[in-house]
Every structure is written in C-alpha cells, then in structure tokens.
Amino acid sequence: MKQIFTAITLALAMTANVQAQDNTWEQTTPSEKAAIDAKYLVGAVPEKDGRVVFETTIKVPGKSRAQLFDEMQKLMTAMTKAPEQLENSNISTTDPENGLVVGAYQEWLVFKNKPLILDRTRLYYNLVAECNDGEVHLSMNRIFYIYDEERTPLTYKAEEWITDRYGLNKKQNKLARVSGKFRKKTIDRKDYLFSTIAKQLKK
C-alpha cells in the first residue's frame, strides 16, 4: 500500500512539473493562427483559363535574358536530381532564343510520417521559367496527384481538387477535410520553390 501511495505521489509531482514548464515558444495566439490559416483560404489557389496556375515575377536588375536563362536552366536541372524528386523528373523544353525553360517534376508530398503511418501523395507539376532582361516570370501549372497507391490509386487534377470550390468547406472559412491537406501542402511547396529560386537568382 505504501508503495502505491509513493507511486501516486511521484506521478502527481511529475505532472505538476510538466505543467509548470514554459512551452509558450510553440504556441500561437488566436490572431496569429488566423493569419496563418488565411494564407490557405479564398484566392490562395488562382485559376487562369480554367487551369490552376501559380505565378510570380522575380525582378533581377542588371542581369540579361541570356544570363538568367543559363541560371534557370542550371537551377531547374539541379532540381530534377534533388533527393525528393522521383525518377521521371526532367527538363522538357529549353529555348535560349526566347529565354524559356520548362521542367516536368514528380515528387512526394508527405502529409504524415509516423511509426506505422505514412500518408503521402505523388505530386506532378510543370515549372515554367520565361526569362527576360532583368526578370524571370515563373509559373507552376499542370498540377495533379496520384494518391493511395498502395491500396486503390486515385488521380486528382488540381482543378477538381484544390481550388476554392473543392479545397475549402462550404462556408469557405476552413480547409476541406480531405482535399484541404492537398491544397495546404501544394501552396507550401509552391511558396518554398518560388522563394528559393528568387534567393538563388538574386545572389
């Protein structure tokens, strides 16, 4: 009985100690969480002529079309060999005269990776770089997914899966239960690619 009482006392002491620890660094305020969530809501997935197209223009003053074309060709070729890329990622088009580079990429988007749980999808997309003097217009399009390959493979086009109509709930104030995770991860991946390329070009 004494041993049981001692064990309970120790457990309560440990619980109190955990509760007393300062973990505010990993917490967000309601306003911060709202700002983060808003990033994925209405308008976050743009459509152009009925297709999902993410676009940005990277300003690089002082660099010519030829210089930017060479840099983008190197960057996009290196991307095809990155660890996260699958075997069929490749550069599909190069046009030095018009400053055009197109890459076709296949990679994993991982939603959850825990012991005994691996939730992921194949992501397919084209990255298009149109280079001109002092700038690169970058776009990500032809996006689709192959999901649940181990059981029953499902193919989803971005236009039918991550747009405002499909990727958000009816009130459009939250991500949809299933397609929402595809929308969120795709936006995150796009943001990472665009910002990384911009940093490389501006070096």
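Tutor: Happy to! Ser139 lies in strand β7, which covers residues 135-147. Strands here are DSSP runs of E with at least two residues, helices are runs of H or I with at least four, and both are numbered from the N terminus. Please keep in mind that this is a predicted model, where local features need pLDDT of at least 70 and side-chain atom pairs count only at pLDDT 80 or more, while totals for chains, interfaces and linings use all residues. Residues are numbered from 1 along each chain as its sequence is written, and side-chain values use heavy atoms, with hydrogens and water left out.

Is Ser139 buried or exposed? Its relative accessible area is 6%, so Ser139 is buried. Buried means under 20% relative accessible area, exposed means over 50%, and partly exposed lies in between (1.4 Å probe, protein chains only). Leaving aside residues up to four places away in sequence, Ser139 touches Val53, Phe54, Glu55, Asn126, Leu127, Val128 and Phe194. A contact means heavy atoms within 4.5 Å.

Now look at Tyr145. Beyond four places in sequence, its contacts include Leu109, Leu154, Tyr156, Trp161 and Phe182.

The structure holds nine aromatic pairs. Rings of Phe, Tyr and Trp (its six-membered ring) pair if their centres lie within 6.5 Å; planes under 30 degrees apart count as stacked, over 60 as edge-to-face and the rest as tilted. Tyr156 and Trp161 are stacked, because their ring centres are 3.8 Å apart and their planes meet at 5 degrees. For Trp161 and Phe182, the centres are 5.6 Å apart and the planes are at 75 degrees, so this pair is edge-to-face. The pair links distant parts of the chain, 21 residues apart: Trp161 sits in the loop between β8 (154-157) and α4 (164-167), and Phe182 sits in helix α5. Trp161 is buried, with a relative accessible area of 15%, and Phe182 is buried too, at 0%.

Finally, follow β7 to its partner. β7 and β8 pair in the antiparallel sense over four bridges; two strands pair if DSSP finds at least two bridges between them. Tyr147 stands opposite Leu154 in β8. The two strands form a hairpin with six residues between them, and Asp148 in the turn has a positive phi of about 60 degrees.

Along the sequence they follow the pattern α-α-β-β-β-α-β-β-β-β-β-α-α. Of the 203 residues, 36% count as buried.
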